[in-house]
Amino acid sequence: MSTPDDGLTFGVLGTAKIARTAVVPAIAASDHSVGAVASRDPDRAERFAADRSIPRSYGSYDALIADDALEAVYVPLPNGLHAEWTKRAADAGLDVLCEKPLAVDAEEARTVVDHCADRGVTLMEAFMYRYHPRTERALALAERTLDDVRTVTATFRFPLYDRPDDVRLDPGLAGGSLMDVGCYPVSLVRAVLGEPDRVYGHANDTRDAGVDTEFAGVLEYADGRSARVASGFDTQLVQRYRIDATNGWIEVERAFDAPADDRVEVTYEVDGRRGVETFDPVDQYRLQVEHFADRVADGASPRTGGAEAVANMRVLDALAESAAAAEPVDLS
């Protein structure tokens with residue numbers, strides 16, 4: 001499928017904060033556009049559309065999907081609704097950019113991927129950090145200059161206080177810190193080390209919400225390599241990773257939700273030579289949108305396409321299973 005000369009026209013299923021503050025502005029800043037937004041609350045959809053100069057608003061997701069002027073949809077709904085509305089959009093012939101995680105577990109993710117393939121639409125999971133030039137550089141440095149990566153540590157935590165009704169605390173919507181932000185460290189570890197052979201997980205529910213609000217995990221590899229991942233809603237913001245090898249290391253701060261209006265860095269030491277590389281401000285959400293549109297145009301698989309979504313979800317499932325059973329889970 002090729003994109004029109006004037007770019008893709010997106011529909012947005014939901015009025016979540018990430019759509020309002022990040023993805024809709026990113027689409028508007030690109031060669032593409034938002035043609036419609038939907039919410040279960042018609043007034044909310046109308047206000048959202050008016051605030052962002054979106055031509056049409058709908059009081060139901062079905063109504064948006066039926067809009068013949070749209071070519072693609074962006075899905076920022078709660079985790080538990082991703083699979084359903086991705087498949088419904090695919091049934092309407094719409095290409096789908098879906099927020100992470102794609103589904104509630106790997107089995108459901110596979111059904112979504114197969115469904116989109118059967119309908120002939122492009123599917124991409126919205127891991128925006130993978131499209132930042134700094135991430136690309138850090139992964140290239142790890143592959144090309146580090147002789148033998150032995151371990152990776154990655155963390156994404158932020159404070160989620162005074163919001164007891166937040167969807168991220170709702171077990172019925174696949175909430176929890178592992179699903180919400182723990183998926184980023186797992187994604188990063190897999191990008192560096194590949195698929196683990198065994199995992200250990202530890203979860204803590206400090207809010208008695210029915211989901212983890214703190215999570216820690218260990219990923220093991222048969223050759224002795226390992227990784228540590230952590231996520232949570234109970235501490236101040238921290239998002240970083242470090243890659244350690246026999247001949248050096250790489251460190252990244254503000255690693256995942258990198259600011260669009262400030263420079264960021266990657267720091268490293270390789271064979272005794274220390275370096276700091278600085279990257280000018282860039283909107284990684286816009287780069288994500290542009291990558292998605294390019295893949296719609298050329299029919300190639302996105303960097304964070306369906307197979308990648310399933311593989312990441314498989315590790316998240318195993319970590320959650322390990323935490324629940326208080327024992328390691330084998331993946332090999």
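A definition to begin with: a charge sits over a ring if NZ of Lys or CZ of Arg is within 6 Å of the ring centre and within 35 degrees of the ring normal. Keep in mind that this is a predicted model. In it, Arg225 lies over the face of Tyr221, 4.8 Å from the ring centre. Arg52 is placed over the face of Phe48, at 4.4 Å from the ring centre.

Now to rings beside rings. How many aromatic pairs does a search of the whole structure find? The search gives 11. I will show two of them.

One is Phe10 with Phe292. Their ring centres are 5.8 Å apart and the planes are at 45°, so this pair is tilted.

Tyr129 is in the loop between strand 6 and helix 6, and Phe256 is in the loop between strand 12 and strand 13, so the pair ties together parts 127 residues apart in sequence. Are these two buried or exposed? Tyr129 counts as buried, because its relative accessibility is 0%. Phe256 is buried as well, with a relative accessible area of 0%.

Finally, the cluster. Ring pairs link Tyr129 and Phe256 with Phe127, Phe156, Tyr184 and Tyr241.

Conventions
Residues are numbered from 1 along each chain as its sequence is written. This is a predicted model: local features need pLDDT of at least 70, side-chain atom pairs count only at pLDDT 80 or more; totals for chains, interfaces and linings use all residues. Side-chain values use heavy atoms; hydrogens and water are left out. Rings of Phe, Tyr and Trp (its six-membered ring) pair if their centres lie within 6.5 Å; planes under 30 degrees apart count as stacked, over 60 as edge-to-face and the rest as tilted. Helices (H or I, at least four residues) and strands (E, at least two) are DSSP runs, numbered from the N terminus. Buried means under 20% relative accessible area, exposed over 50%, partly exposed in between (1.4 Å probe, protein chains only).
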